[in-house]
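Dear colleague,

Please find below the structure for your review.

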Amino acid sequence: MGNHSDGSPNHSGTVATAGQNEVEKFQDPGIPPHRLRLADTDPRAAKRAERQVALLFGISVVGTLIFLVAYFAIDLGDGSSIATIRLQNALLGIGTAFAMLGIGTGIVHWAKALMPDHEVSEERHGIRTEEDRLAAVRIVDDIVEETGIKRRPLIRNTLLGAVALAPLPALAVFGDLGPRPDDKLAHTMWAPAGGKLKRLTRDPDGTPIKATDVTIGSAFHVIPEGLNELHEGKLNAKAKAVVLLMRLNPDSLKPSAGREDWSYNGIVAYSKICTHVGCPVALYEQQTHHLLCPCHQSTFDLTQECKVIFGPASRPLPQLPIAVDAEGYLVATSDFHEPVGPSYWERDEHERTVNS
Amino acid sequence: MKALSQKRRHPLAAIALLLMGLLVTGGLYAVATTVNQAKADTTSFNASDVGEGGKLFAANCATCHGMGASGSQAGPSLVGVGAAAVDFQVGTGRMPMQMNGPQAYKKPAQFNETQTKQLAAYVASLGPGPSIPEEGLLDEKGNAAAGGELFRTNCAMCHNAAAAGGALTRGKFAPALADVSGKHIYEAMVTGPQNMPVFNDANVSPEGKRDIITFLKQIEANGSPGGADLGALGPTSEGLFVWIAGLGVIIAFTIWLTSRTS
């Protein structure tokens with residue numbers, strides 16, 4: 001920059017000015033004339049500004065007092081209601097806001113109205129002079145020389161070894177992100193265990209559901225038998241296995257080939273996990289038989305085996321094959337015949353193995 | 001007594017007497033009407049209720065629901081929907097419908113309590129169905145925590161976790177539940193009005209329904225402890241508020257900070 005200010009012809013690539021004889025130079029307009037403020041000329045205005053600043057600081061004091069009174073005077077003992085907490089929260093918030101804003105706005109107003117407002121320009125010094133560069137090189141040379149890293153290979157090599165090994169603990173820590181999920185996403189708790197079919201039970205209490213309990217128009221939120229007794233991974237298991245159970249007129253169901261015995265007297269069970277990004281699809285309209293996902297409005301038609309009729313989901317909701325056991329309770333005759341929920345990298349592969 | 005007889009010619013005596021008379025009449029009347037109301041609340045219907053209800057039905061409902069409530073192109077059959085369905089639909093003003101649309105709206109009730117009861121008696125006489133819940137289930141003294149769990153499992157996906165309501169498909173919506181009486185909430189659960197699914201007693205027990213009502217009334221009474229809930233609609237209203245009001249305040253402060261004082 002300093003090199004260019006001497007007015008000598010410019011041979012670096014300034015294409016815009018090439019071909020012109022005279023380089024049109026930008027004229028520094030300088031600092032605009034200083035305009036005095038009211039408080040600079042009128043002592044009464046200065047006095048007024050002073051009082052305004054003091055008032056803002058005073059507001060801050062009041063805010064702090066509101067906070068302290070609200071904190072200590074409002075009793076949140078055993079007998080107090082949520083309305084009391086609400087009152088205290090509101091007063092603490094208002095108090096803090098006034099306390100902070102009072103100080104902040106007061107200082108700004110003080111600076112703007114009363115402190116000197118001369119405009120000052122500071123000259124910029126030229127950057128990267130040759131001396132600076134040489135000085136930097138000298139410093140690096142000094143470091144190499146003074147540490148003696150060239151002369152002491154033992155230190156150098158042990159340092160390199162230490163730095164190379166230091167990231168190893170991170171590998172161990174990241175290893176805890178595993179093990180790989182493998183095909184866990186393809187299976188749910190509904191798979192019969194030990195030859196015993198899993199009963200459909202109510203969410204959240206886990207009591208089994210009789211087929212006669214499910215009247216036309218009903219919607220039951222269902223979890224698999226034994227879910228509440230799990231000690232580990234209960235939420236993960238629930239997230240895959242939740243099911244919505246509904247009963248409609250058997251005539252309005254038109255099961256496709258292979259699915260004829262997946263329902264019982266018009267009772268059908270579908271996975272509640274949206275095939276788009278996995279929100280729970282549980283908004284059931286009992287007259288239109290539509291299931292709506294609240295996240296992105298994917299709509300599934302129950303009478304067409306939960307075919308997607310609107311929205312971004314690309315696959316129907318998986319159906320859970322159900323039947324009735326000897327005691328009249330609803331049971332799942334098998335696991336889902338495809339992985340539930342949204343797409344993932346290995347899904348197609350898993351779907352093939354689940355069905356084979 | 002002497003003092004009383006002396007003061008009976010006082011100019012204010014007439015006014016005092018008048019006030020006393022009015023108070024006694026009003027008080028007696030109030031007692032009499034509450035007695036009547038207590039009777040009207042019982043769910044047992046008599047033959048005259050059914051008869052009167054039949055007349056009201058023929059005049060106001062049969063156009064759509066058909067004579068004998070057997071249904072027509074314009075409206076479903078009401079045989080077996082029960083007294084609870086009538087009490088809900090007519091009591092909240094949803095029926096008679098103002099116009100056809102995706103959903104019947106709540107509006108001021110067109111029939112008074114007696115007429116609603118008569119209509120309910122008539123429809124209940126056509127076939128067995130859910131009856132109007134007993135007072136004991138509506139006392140709002142259940143377990144609010146258990147009710148909250150049931151509400152979040154069964155109701156919150158449509159009605160919103162704070163019962164603020166939400167949208168469904170094609171113009172339908174699940175209404176907000178504030179200001180809905182416990183009786184109507186109960187009746188909606190057992191009958192499944194319009195597109196709401198039915199939550200029969202095998203699905204959510206009467207005790208569970210009492211808990212849900214307790215929970216709803218509790219969150220309604222307590223409001224939002226964290227400050228303004230902005231409709232409890234979640235990120236839409238909160239985001240709108242922060243982007244407009246929050247950023248607006250920051251911009252206003254920035255302009256003030258950089259402006260010159262006069």
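In this predicted model, helix α9 of chain B, spanning residues 182-191, is mostly covered, with 10 of its 10 residues buried. The residues concerned are B:G182, B:K183, B:H184, B:I185, B:Y186, B:E187, B:A188, B:M189, B:V190 and B:T191. The partners against which the buried residues of α9(B) pack are α5 (82-91) and α10 (206-222) of chain B. Just after α9(B), B:G192 adopts a positive phi of about 65°.

Helix α10(B) also packs with α7 (residues 144-154) of chain B, at an angle of about 95° and with the axes 7 Å apart. Because angles of 65 to 115 degrees count as roughly perpendicular, α7(B) is described as roughly perpendicular to α10(B). On the α7(B) side, the contact involves B:A144, B:A146, B:G147, B:G148, B:L150 and B:F151. These meet B:G208, B:D211, B:I212, B:T214, B:F215 and B:Q218 in α10(B). By class, the residues of this contact comprise six nonpolar, five polar and one charged.

As regards domains, the assignment for chain B gives domain 1 (46-130) and domain 2 (133-248). Taken over C-alpha atoms, the centres of domain 1 of chain B and domain 2 of chain B are separated by 25 Å. Their contact draws 14 residues from domain 1 of chain B and 12 residues from domain 2 of chain B. The side of domain 1 of chain B that touches domain 2 of chain B has seven nonpolar, five polar and two charged residues.

Yours sincerely

Notes:
Residues numbered from 1 in each chain as written. Chains lettered and ligands numbered in written order. Predicted model: local features only at pLDDT ≥ 70, side-chain atom pairs only at ≥ 80, totals over all residues. Buried ≥ 20, exposed ≤ 12 C-beta atoms within 10 Å, placed from the backbone. Helix = DSSP H or I, 4+ residues; strand = E, 2+ residues; numbered from the N terminus. Contact = placed C-beta atoms within 7 Å. Domains from an automatic or database assignment. Nonpolar A, V, L, I, M, F, W, Y, C, P; charged D, E, K, R; others polar. Axes fitted to C-alpha atoms, helices over the stretch in contact; angles between N-to-C directions. Parallel < 35°, antiparallel > 145°, perpendicular 65-115°, else oblique.
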